[in-house]
Amino acid sequence: PLFEEQIGALLDGGARCVILETFTDVEELVVAIEAKQSLHHCAVVALMARAEPANWARLLDAGADVVGVNCAGTPAEMLAALGDADVAETAVFPSAGLPDADGRYGLTPAVFAEGAHALAGRGVRLIGGCCGTTPEHIAALVARLTPAE
C-alpha cells in the first residue's frame, strides 16, 4: 500500500515517468514496479544501488522500461562495474565521488562529464547524476554529450 500511495500522489500530480531509485533489494523494487503498473502504464525507470546486471532481466520482466544503477560510485567506477553487460536499456546516475573533510565531492564537473561520455560511448541510454552532483556537473554533462553543430 505504501508504494501505491506514494506513486499515486506522483501520478495525481501529473508525473509521466516514475523513477524508482537506490533500491538494494531487487524483490522490493519488483513490488514497487508492480505497484506503479497497477496504477498507470507510464514509463518507469528502475535503479538499483549496486550495478547488478544479472537482476535487470527480472526488472524488465516486471515492467520496467529502463533499468540500471544509481549512487554506486563515480562514472568510471560504474563503467567498470558494468563489465560486458548488455546496456541497451540501461540508465546510470553516478555520484561525484566521495566528499572530503569540507563536504566537497571529489570529481570536478569536467571529470564527471568525461566519465559520462565514456558511459554513453559504452551504450548507456539515460545518464544523470546522484550524490554530490551539482547544476555545474549536469551542465558539463549536457555540454559534453551534446553533438557539435
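The model is predicted, with local features needing pLDDT of at least 70 and side-chain atom pairs pLDDT 80 or more, while totals for chains, interfaces and linings use all residues. Residues are numbered from 1 along each chain as its sequence is written, and side-chain values use heavy atoms, without hydrogens and water.

Select the strands, which like the helices are DSSP runs (E, at least two residues, for strands; H or I, at least four, for helices; numbered from the N terminus). The order β1-β2-β3-β4-β5 describes an open sheet of 5 strands with parallel pairing, where a pair requires at least two DSSP bridges. Because β1 and β5 (126-127) each have a single partner strand, they stand at the edges, and one side of each is left without a neighbour in the sheet.

Next, colour β1 (residues 17-23) and β2 (residues 43-48), which run parallel and are joined by 5 bridges; the partner of V18 in β2 is V44. At β4 (residues 90-93), 2 bridges give a parallel pairing with β5, in which V92 is partnered by I127.

Finally, show α5 (residues 109-122) and α6 (residues 135-145), which pack at about 45 degrees with axes 8 Å apart, the axes being lines fitted to C-alpha atoms, for helices over the stretch in contact, and angles running from 0 to 180 degrees between N-to-C directions. Residues in contact (heavy atoms within 4.5 Å) include F112 and H117 in α5 and L141 and R144 in α6.
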